[in-house]
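Hello,

Here is the structure I promised to pass on. Please open it alongside this note; my findings follow below.

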Amino acid sequence: SVSVAFSEGGGPRAGGAEETSRQLSVLLEALCAGDEVVDRRALCVVPGVFAWDVHVDVLVLTSGGNLLDSVSLAMCAALGETVLPQVEVLEAMEEGEVMQLRVDDRPEVGTPFPLRRLPLCV
């Protein structure tokens, strides 16, 4: 999910910051919805059981230009620097026991976020 918010005084000059935030959030989420932008299969740890849930929160400090392009590029930069921790699935030892996960959050053993291409609106 994508959430866009404006800092105090950082919203559109004509007002309507809440509506603009909602519209930008919806547009950016739609841009990222397709498999051509994010490799959703790479976000699955155990298909149908465990998967990464991705949230992007954007805070606009000032708006003086094309907000959609600016926010989209900021989101791409953040996702491009994101490293997903290595996750190991520990199988259940006894019947009725649930699977557990072991997470190694050292950046050097993680995997880059599976961004296939930049979600730009032209």
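Arg22 and Glu19 form a salt bridge, with 2.7 Å between the closest N and O atoms. Both residues sit in helix 1, three residues apart, about one turn of the helix. Arg22 is partly exposed at 46% relative accessible area. Glu19 is partly exposed too, at 38%. Bear in mind that this is a predicted model.

The structure has five salt bridges. Among them is Arg106 with Asp104, where the closest N and O atoms are 2.6 Å apart. Arg106 is partly exposed, with a relative accessible area of 42%. Another one joins the side chains of Asp35 and Arg40, at 3.7 Å from N to O. Asp35 has 44% relative accessibility and counts as partly exposed. Arg40 is at 38%, again partly exposed.

Arg40 also turns up in the largest pocket. This pocket holds about 270 Å³ of space. Its lining counts 15 residues, and Ser1, Cys32, Val38, Arg40 and Val54 lie nearest the centre. By class, eleven lining residues are nonpolar, one is polar and three are charged. Helix 1 (17-32) and helix 2 each give at least two residues to the lining.

Helix 2 covers residues 67-80 and includes Leu73. On the surface, Leu73 forms a nonpolar patch with Leu118 and Leu120. Together they have about 260 Å² of accessible area. Is Leu73 buried, partly exposed or exposed? Its relative accessibility is 47%, so Leu73 counts as partly exposed.

Best wishes

Technical notes
Residues numbered from 1 in each chain as written. Predicted model: local features only at pLDDT ≥ 70, side-chain atom pairs only at ≥ 80, totals over all residues. Heavy atoms only, no water. Patch = residues over 30% accessible without salt bridge, like charges linked within 9 Å, V, L, I, M, F, W, Y side chains within 5 Å. Areas by Shrake-Rupley, 256 points an atom, 1.4 Å probe, with all protein chains shown as cover. Salt bridge = Lys/Arg side-chain N within 4 Å of Asp/Glu carboxyl O. Helix = DSSP H or I, 4+ residues; strand = E, 2+ residues; numbered from the N terminus. Buried < 20%, exposed > 50% of the residue type's maximum accessible area, 1.4 Å probe, protein only. 1 Å grid on protein atoms, 1.4 Å probe; cavity = no way out; pocket = protein on both sides within 12 Å on 5 of 7 lines; lining within 4 Å. Points joined across faces, edges and corners; volume = space filled by probe spheres on them. Nonpolar A, V, L, I, M, F, W, Y, C, P; charged D, E, K, R; others polar.
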